[in-house]
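Thank you all for making time this morning. I would like to walk through one structure with you, slowly, for those who have not seen it before.

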Amino acid sequence: MQAATLEGAGELAVADAVELPRPYGVVCRPRRRFVIGQPLEQERRKIIVAQSAASAFQRHSRNAALSVPVASAPERSLWNIEAIAVGLYFTRDAFAGAGRYYLNVLRLDPLWFFPDIFAIACMATFVYRYCLQGRSIIATIVFLYTIVALIIGYIFLGTVAGLSSSFKMFAPIFVGFCFCQRNIDDTPWLMPLIKALFFLSILGVLASKFIQFPWVGFAYESFGATRQAGRLWWSQAELRLAGFAADSTMASYFILITFVFTATRSRLWWVIVWGAIGLWTIKMTTNKTSLGVMAIFICAVLFIRILPEIQRFKTLRLMAISSFGCILIPIVLIVLFSGVDLTKASPGLFSMWDRINNSWQKPFVYMYDFMPIGYISGCGLGCFNYPQNLFSPEMGKYYVAVDNFYIGTYLMFGPIFLVFMVLAIKSLRVSTNIDKLTVCFVMNIFTVTILAYGPASGLLMMGFIFSDVFARSQTGRFTSGTPMRLRRPPVPPSMSLRPAE
């Protein structure tokens, strides 16, 4: 067959099918090579799915991205800047307790901020790829409004230290955004690193049960404010183990998120064995949110594995999109239980009572008192987050810990965040990226009671989920003015799906 040209006539070429990762115990192998030499609109109507068990899979992903701007086509490389930033952030946050302590002992504290340098580089990469080259209207608006929110946040917080901390806090989301039309597997060393962090996080929690680590209770300064790493205690005096991380929430989160990435590529026995070990270890940290989400995710993986292979991807995508219903959970709980003393039913419900009556409601009450315009503009980056708590002398008294990602982000950005969410959900409805759909399902449940702005890797993962919103306009066409070509499909139309042995 004659290959199509990339420019001029608007004709398209499809690259050779290649071996893909094995998500959810699926083996993906190419069966044939093919080249398409017809215009894009005509070819979209005439693509014939190969007769295989994967034909249904392709029907669901046919509307997904088949063409990308030449300038933004993803590459397999050892030095993708977004992958380096992910590796640095994941490593730093997983070893936050130990890292802070030993960097301080060795007088190397500035190295703690080394990942943030790559986050700033990813911001520049985001502007170059998607605002300038891709000409994405959504990307441009997101970047510009981030600057506006930073200015509003400075007015709200009133200090340069608060401004700096807010910028540092939000920068990791651009690392996630840079994964637009890219995946973790595009960099060969990143997945082995994530898997290693899973084992090391478990080892750290287990070791902290028997060893008194030197960084427990260690206090350090950040932008002039003193913070502390160490073991925490909850109301029932049960010991929370933090392992190598700065606190138990970080430790449990890294066991959860690294397991999510590795489980989708592992066989069923691995998921069951290490899932059970992960659950037991998270229980030792006493973090109930991570424990519940880990259990739900393992059940979801097992459920998908028992389905016929032609239904697996459709089910995963449905679960991911349905998980956005978790956004409504705080609203429902406030309506049903606001003012009700849940601790009378069980002392263990104190944290939920606190979230319903304080964490999820009071920021909106305080907003009316000191910044009514914030209902429209948002109160800026850093408001009702740790920059306000640590660096704002005037507004610190209004600080309330907002334990929900969507509420916290809405407070900072205002109603424009709702518009972004509509577009992001729409992009996920046609996504064929299994990692993004899986992480979306997990993080939407996780963030019901967690803000996810600290550690930085939590916010990075939220950016990873929403990143494909910058790939195409809402009409289904790419917003780039550069010539387009048809690259290898996200899911080869001819592939064999076999359950893991």
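Let me begin with a question to keep in mind while you look: is the crossing in which α13 passes α21 left-handed or right-handed? Before I answer, please remember that what you see is a predicted model.

If we take the contacts in the chain with a separation of 6 or more, 77% of them are between residues 24 or more positions apart.

Now to the question, and to the way such pairs are discussed. Two packed helices are described by the angle between their axes and by the distance between those axes. For helix α13, residues 309-322, and helix α21, residues 434-446, the angle is about 40° and the axes are 8 Å apart, and the two helices are therefore oblique to each other. As for the hand, α13 passes α21 in a left-handed crossing. On the α13 side the contact involves Phe313, Leu316, Arg317, Met319 and Ala320, which meet Ile434, Leu437, Thr438, Cys440, Phe441 and Asn444 of α21.

A second pair is helix α16, residues 362-370, with helix α19, residues 405-413, whose axes come within 11 Å and cross at roughly 10°. That angle makes α16 roughly parallel to α19, and the crossing of these two is right-handed. Here Pro363, Phe364 and Met367 of α16 make the contact with Ile407, Tyr410 and Leu411 of α19, and the residues of this contact divide into 6 nonpolar, no polar and no charged.

Helix α6, residues 137-157, has 21 residues and reaches 30 Å from its first C-alpha to its last, which is close to the 30 Å expected at 1.5 Å a residue. Its buried residues include Ile138, Val142, Tyr145, Leu150 and Phe156, and the helix is followed by glycine 158, whose phi is positive, near 80°. Helix α22, residues 456-466, is mostly covered, with 11 of its 11 residues buried, and among them are Gly458, Met461, Phe464 and Phe466.

Finally, I would like to look at two individual residues. Alanine 96 lies in helix α4, residues 96-105, and because its relative accessibility is 4%, alanine 96 counts as buried. Which residues does alanine 96 touch, if we leave out those up to four places away in sequence? They are Trp112, Phe244, Ala245, Ala246 and Met250. With alanine 246 in particular, alanine 96 has a C-alpha to C-alpha distance of 5.0 Å, although the two are 150 residues apart in sequence.

The other residue is phenylalanine 337, in helix α14, residues 329-337. Phenylalanine 337 has 32% relative accessibility and so counts as partly exposed, since that class lies between the 20% limit for buried and the 50% limit for exposed. Again leaving out residues up to four places away in sequence, phenylalanine 337 touches Leu342, Ile356 and Asn357. The C-alpha atoms of phenylalanine 337 and isoleucine 356 are separated by 7.3 Å, with the two residues 19 apart along the chain.

Methods: Residues are numbered from 1 along each chain as its sequence is written. This is a predicted model: local features need pLDDT of at least 70, side-chain atom pairs count only at pLDDT 80 or more; totals for chains, interfaces and linings use all residues. Side-chain values use heavy atoms; hydrogens and water are left out. Helices (H or I, at least four residues) and strands (E, at least two) are DSSP runs, numbered from the N terminus. The expected span of a helix is 1.5 Å times one less than its number of residues. Buried means under 20% relative accessible area, exposed over 50%, partly exposed in between (1.4 Å probe, protein chains only). Axes are lines fitted to C-alpha atoms, for helices over the stretch in contact, and angles run from 0 to 180 degrees between N-to-C directions. Angles under 35 degrees count as roughly parallel, over 145 as roughly antiparallel, 65 to 115 as roughly perpendicular and the rest as oblique. A crossing is left-handed if the near helix is turned anticlockwise from the far one by less than a right angle, and right-handed if clockwise. Contact means heavy atoms within 4.5 Å. Ala, Val, Leu, Ile, Met, Phe, Trp, Tyr, Cys and Pro count as nonpolar, Asp, Glu, Lys and Arg as charged, and the others, Gly among them, as polar.
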